[in-house]
Amino acid sequence: MIDYIIVGLGLAGISFCEILEKNNKSYVVFDDDSQQSSRVAGGLYNPVILKRYTKAWKAGEQLEMALPFYRQLEAKFNKQFDHQLPVYRRFASIEEQNRWYEVCDKPEMASFLSTQLIKDYNSCIDAPFGYGEVLGTGRIAIKALQKAYKEYLSDNKKYVSEPFEYERLEIDGNKLSYKDIAPKKIVFCEGFGMIKNPFFNYLPLNGTKGELITIKAPKLILSEVVKSAVFIIPLGDDLYKIGATYKWKDKTNKPTKEARKELLEKLATFLKCDFEVINQEAGIRPTVADRRPLIGQHPKHKNIYLLNGLGTRGVMVAPYVSKQLYNHIEYREEIDKEITIERYESKYVNTTS
């Protein structure tokens, strides 16, 4: 018997595993590497929605928890995952400049936005109206983190590289058994793979396809993230990640020519130096219509749980919601009403009636 089975090792799965480790819980992770949203994400933590100049949901609380979380992982693996770097919002007009300064005056935004206008600092970017700087931002090297965590789990015999077979999960009242394992609880952290999960596929997980390209641009010499029509995210060694697209109909992880064309056309509106495209990636973000995660206990099976729907800000959200779920499971603390799956309980009733 073990305490937990975790299904999925994206940011949600890693965050929940870390809580289990700190609380001396036994667990094993099943993961078939089929979900790529974490791996292809830009990895940014940014408290501001730059399209609307508004604070992201629970941004302050999430950053307060996320930054120490990634520092602890760096210490655990003796590797750097957190690359702190500013985000510059490129202004396309005087009106955008003025809007920025209006938002800066709002008390809830003062700690996130700089009032200092940045101008003409990089000749490779056309920015006649300058930039505004977002404070407290950076990039998590998600691929490197996932690789390190998978190796750690494998070395400790806590990782099973295979799909979870739902039909082989036996439920007898409050007892669970899966193959030769008797877990006390199961937490599904499958990302968009949840749509195939018979326990939670009643939930409205939309899934939004995102594609990014990586370019090599030796003349750009950029150490900040620039947000304009697309993000430019510096990776080091003259490499930059450009993204991202948002598509709602295509649910495959296959890169497309259309997305590549869209990204290059948007990049051409403000980038003025030569570059070479060296890679393209795609993945399905686990997004929900109301833009809130899906966290909680199955309506019928009380020892089966969900940790999903982290969306585009998983780097910030994952540690925050993982703690909420763990405290709910172990201490019966209530989950925030905005993110509990109880808000969709009527959909479960409808599918079972």
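Axes are lines fitted to C-alpha atoms, for helices over the stretch in contact, and angles run from 0 to 180 degrees between N-to-C directions. The model is predicted: local features need pLDDT of at least 70, side-chain atom pairs count only at pLDDT 80 or more, and totals for chains, interfaces and linings use all residues. Residues are numbered from 1 along each chain as its sequence is written, and side-chain values use heavy atoms, without hydrogens and water.

Helices are DSSP runs (H or I, at least four residues), numbered from the N terminus. The axes of H1 (residues 11–22) and H5 cross at roughly 45° and come within 11 Å. The crossing of H1 with H5 is left-handed (near helix turned anticlockwise from the far one by less than a right angle). H1 contributes Leu11, Ile14, Cys17, Glu18 and Glu21 to the contact; H5 contributes Ile142, Leu145, Gln146, Tyr149 and Tyr152. Contact means heavy atoms within 4.5 Å.

H3 (residues 59–77) packs on H5 (residues 142–155) at about 55°, with axes 11 Å apart. This pair is also oblique, and H3 passes H5 in a left-handed crossing. Tyr70, Leu73, Lys76 and Phe77 of H3 meet Leu145, Ala148, Tyr149 and Tyr152 of H5.

The structure holds zero disulfides (pairs of cysteine sulfur atoms within 2.5 Å). The sulfur of Cys273 lies 4.0 Å from the closest cysteine sulfur, that of Cys124, too far for a bond. Cys273 is buried at 11% relative accessible area. Cys104 is buried at 7%. Buried means under 20% relative accessible area (1.4 Å probe, protein chains only).

Note on methods
Helix = DSSP H or I, 4+ residues; strand = E, 2+ residues; numbered from the N terminus. Parallel < 35°, antiparallel > 145°, perpendicular 65-115°, else oblique. Buried < 20%, exposed > 50% of the residue type's maximum accessible area, 1.4 Å probe, protein only.
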